[in-house]
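Please examine the sequence and the model before reading on.

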Amino acid sequence: MIAKTPEELARCMDFTYLDNTATKEDMDVFCKIAADWNMYSVVVSPCYVKQASQLLKDTDVKVGTVVGFPLGTNDKRVKALEAKIAVEDGADEIDMVMNIPAFVNGNYDVITDEIAAVKSEIGDKVLKVIIETNLLNEKQIKEISEIINKTDADFIKTNTGFTGKNTFNEMVTYLQIIKTAANNKEIKASGGIRNRKTCARYLAAGASRLGCSTANIILEEFKNTLENKAYKPRNILGSM
């Protein structure tokens, strides 16, 4: 996929704000930015799903939130309940961290069962399963991608960003592995995306969605580059 304009790139972006010091006023600003750019979605903490849904109800911007975040070690029943409440509060998409210990211990049924449990609660809402590529090797990434490919999940997502990040080259390689191993799923690349070049390369490697906490900065820089204007990056939401 090639995004030739900032507007096209914005429609590939999940604008993310999971700072645990975020205020309601911060959320107002954040959602306005997402709406102004017509980004694909916002991803907010569960406590802000209702507010974001209300703020974005008259826009095309979807509302996403996280489940089992950030470690993924919750019981499937907890994850399912989190997802159920999130959808009731207005979430359109769920980003769920898989049970990493279960996977590395070879308990693959735990992964498939928790995906089934969450999906049964959210119906046709989008489910993205976060596999934390920074904690896995290439063989494991291929293996978990093949497992998820047989489930009802909609996306495989690379990282939370909370347990570390991959290098640029690692991420490109991992995206290609996931794309080949999970040809029935879409892919969301996330973790350390800070510029348009990275966005373009990840999209070319197989991602269809990008999780970015600095999406607004990337898009402003893209716009100003096209208009031959100087741009000094400024994150108006501080540590977001």
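In which strand does Lys 188 lie? Lys 188 lies in strand E7, which spans residues 186-190; strands (E, at least two residues) are DSSP runs, numbered from the N terminus. The model is predicted, with local features requiring pLDDT of at least 70 and side-chain atom pairs pLDDT 80 or more, while totals for chains, interfaces and linings use all residues. Residues are numbered from 1 along each chain as its sequence is written, and side-chain values use heavy atoms, without hydrogens and water.

| Side chain | Partner side chain | Distance |
|---|---|---|
| Lys 188 | Asp 14 | 2.9 Å |
| Lys 188 | Asp 95 | 2.8 Å |

Residues that Lys 188 touches (heavy atoms within 4.5 Å) include Val 43, Lys 128, Phe 155 and Arg 209.

**The packing of H4 and H6**

Two packed helices are described by the angle between their axes and the distance between the axes. Helix H4 (residues 76-88) and helix H6 (residues 108-122) pack at about 25 degrees, with axes 8 Å apart. H4 and H6 are therefore roughly parallel, a term for angles under 35 degrees. In this contact, residues of H4 including Ala 80 and Lys 84 meet residues of H6 including Asp 113 and Val 118. The contact residues comprise six nonpolar, no polar and six charged.

Terms used
Axes fitted to C-alpha atoms, helices over the stretch in contact; angles between N-to-C directions. Helix = DSSP H or I, 4+ residues; strand = E, 2+ residues; numbered from the N terminus. Parallel < 35°, antiparallel > 145°, perpendicular 65-115°, else oblique. Nonpolar A, V, L, I, M, F, W, Y, C, P; charged D, E, K, R; others polar. Polar contact = N/O pair within 3.5 Å; in protein donor to acceptor, adjacent residues only side chain to side chain. Lists of a residue's contacts leave out its neighbours within four places in sequence.
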